[in-house]
Amino acid sequence: MLLPTITLPKPSLNILGDIHKLRNEMNRLFEGELPFVYRNEFPPINMKADEDSITVTAEVSGLNEQEIKSSVKGDILNISGKRMMEAIGENDVAHRNERFTGEFSRTIKLPAKVNADAVSATYKNGILTLTLPRAEEEKAKKIEIKVA
Amino acid sequence: MSNKDIQKKETAVPHSVERINDQPVFIPAVDIIEDNNCFKIIADIPGTDKNSIDVKFEKNILTIRAECPEDSYKGELVYSEYKTGNYERSFSVSDEIDSKKIEAKYDKGVLTLILPKAASVKPRTIEVKSE
């Protein structure tokens, strides 16, 4: 009878480094340092929120302002565009090709509905920033307490 | 969707080393293209201001370093797919490169380095003469 053979992965040489990394990850997990999500999609997005507005930033370097499209409806935000590849001639050799190229489209749900008419967008140093004011009906209202 | 790593890779810190500041350091994604006259290194370093980029060539090692500050937008971070930190990457460059003529330019989060080849290694067309 053939017994199944089990091959164990070879121990990595950098085992102390790995343990160190794991400990950091565990600390991060329990301390809840950041609402960090691993998504391998272009462009990576961060979102900040306060009582008045939501700020979305995206790392989308190397595009022209006109090449980035962004739309918002209710609480759904879409960012799309296309990042062109560097022109490579017939006799050229690409030794590394790590940067993202091609079309992209990201749709994300915002934590609240926003006023689509008042959204502003800027693009600086490869970072797209969208400032989205919360819709009036979403804003917290102060309740006055009257003396009975 | 592309199968490339979109996430910035953090540099591994040897366990015996402590960094002075707490910010992570990322290895920027690069494209390296060679043509007849030069090598071109294109690196994504979003969030960096032109003045905080440092390109050094020393002992045949070309190093790019860039500082990227945390953004100052108000509010609490509620969702995050990327972290902010500095960038660092080194390239070992052979004598094929004319190091005095290395050029760098920066636009919209992309750093482009042009490394011209030394004249001695450029392909040369040899004219055939008739006798």
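Biologist: Why is A:Arg106 called buried?

Modeller: This is a predicted model, and in it A:Arg106 has a relative accessible area of 3%. Buried means under 20%, so A:Arg106 counts as buried.

Biologist: What makes the pair of A:Arg106 and B:Glu81 a salt bridge?

Modeller: The closest N and O atoms of A:Arg106 and B:Glu81 are 2.8 Å apart. The cut-off is within 4 Å, so the pair qualifies. The pair crosses between chains, from strand β6 of chain A to the loop between β7 (76-80) and β8 (86-92) of chain B. B:Glu81 has 0% relative accessibility and therefore counts as buried. A network of salt bridges links A:Arg106 and B:Glu81 with A:Arg39 and A:Glu41.

Biologist: How do you know that the pair of A:Arg83 and B:Asp44 joins two chains?

Modeller: A:Arg83 and B:Asp44 form a salt bridge, with 2.7 Å between the closest N and O atoms. A:Arg83 lies in strand β4 of chain A and B:Asp44 in strand β4 (residues 38-44) of chain B, so two chains are joined. The relative accessibility is 3% for A:Arg83 and 12% for B:Asp44. Buried means under 20%, so A:Arg83 and B:Asp44 both count as buried.

Biologist: Are A:Lys109 and A:Asp75 buried or exposed?

Modeller: A:Lys109 has 57% relative accessibility, and exposed means over 50%, so A:Lys109 counts as exposed. A:Asp75, at 18%, falls under 20% and therefore counts as buried. Their side chains meet in a salt bridge of 3.0 Å, N to O. This pair links distant parts of the chain, 34 residues apart: A:Lys109 is in strand β6 of chain A, and A:Asp75 is in the loop between β3 and β4 of chain A. A search of the whole structure finds 17 salt bridges over all chains.

Biologist: What makes β3 (68-73) and β6 (102-109) of chain A edge strands?

Modeller: The open sheet has three strands in the order β3-β4-β6 (chain A), with antiparallel pairing. β3 and β6 of chain A each pair on one side only. From one strand to the next, the twist averages 10 degrees. Pairing takes at least two bridges, and six bridges join β3(A) to β4 (residues 76-83) of chain A. For A:Ile68, the bridge partner in β4(A) is A:Gly81.

Biologist: Why is the pair of A:Phe42 and A:Phe104 called edge-to-face?

Modeller: The rings of A:Phe42 and A:Phe104 are 5.2 Å apart, centre to centre, with 75 degrees between the planes. Centres must lie within 6.5 Å and planes over 60 degrees apart count as edge-to-face, so the label holds. A:Phe42 lies in the loop between α1 (15-31) and β1 of chain A and A:Phe104 in strand β6 of chain A, so the pair ties together parts 62 residues apart in sequence. A:Phe42 is buried at 5%, and A:Phe104 is buried at 4%. The rings of A:Phe100 and A:Phe104 have centres 6.4 Å apart and planes at 65 degrees, so this pair is edge-to-face too. Ring pairs link A:Phe42, A:Phe100 and A:Phe104 into a cluster.

Biologist: Which residues have the most contacts inside the largest nonpolar core?

Modeller: That core has 24 residues, and those with the most contacts inside it are A:Ile54, A:Val56, A:Val60 and A:Ile79. Beyond its neighbours within four places in sequence, A:Val60 is in contact with residues including A:Phe42, A:Ile68 and A:Phe104.

Methods. Residues are numbered from 1 along each chain as its sequence is written. Chains are lettered from A and ligands numbered from 1 in the order in which they are written. This is a predicted model: local features need pLDDT of at least 70, side-chain atom pairs count only at pLDDT 80 or more; totals for chains, interfaces and linings use all residues. Side-chain values use heavy atoms; hydrogens and water are left out. Helices (H or I, at least four residues) and strands (E, at least two) are DSSP runs, numbered from the N terminus. Axes are lines fitted to C-alpha atoms, for helices over the stretch in contact, and angles run from 0 to 180 degrees between N-to-C directions. Buried means under 20% relative accessible area, exposed over 50%, partly exposed in between (1.4 Å probe, protein chains only). A nonpolar core is a set of buried Ala, Val, Leu, Ile, Met, Phe, Trp, Tyr and Cys residues joined through side-chain atoms within 4.5 Å. Contact means heavy atoms within 4.5 Å. Rings of Phe, Tyr and Trp (its six-membered ring) pair if their centres lie within 6.5 Å; planes under 30 degrees apart count as stacked, over 60 as edge-to-face and the rest as tilted.
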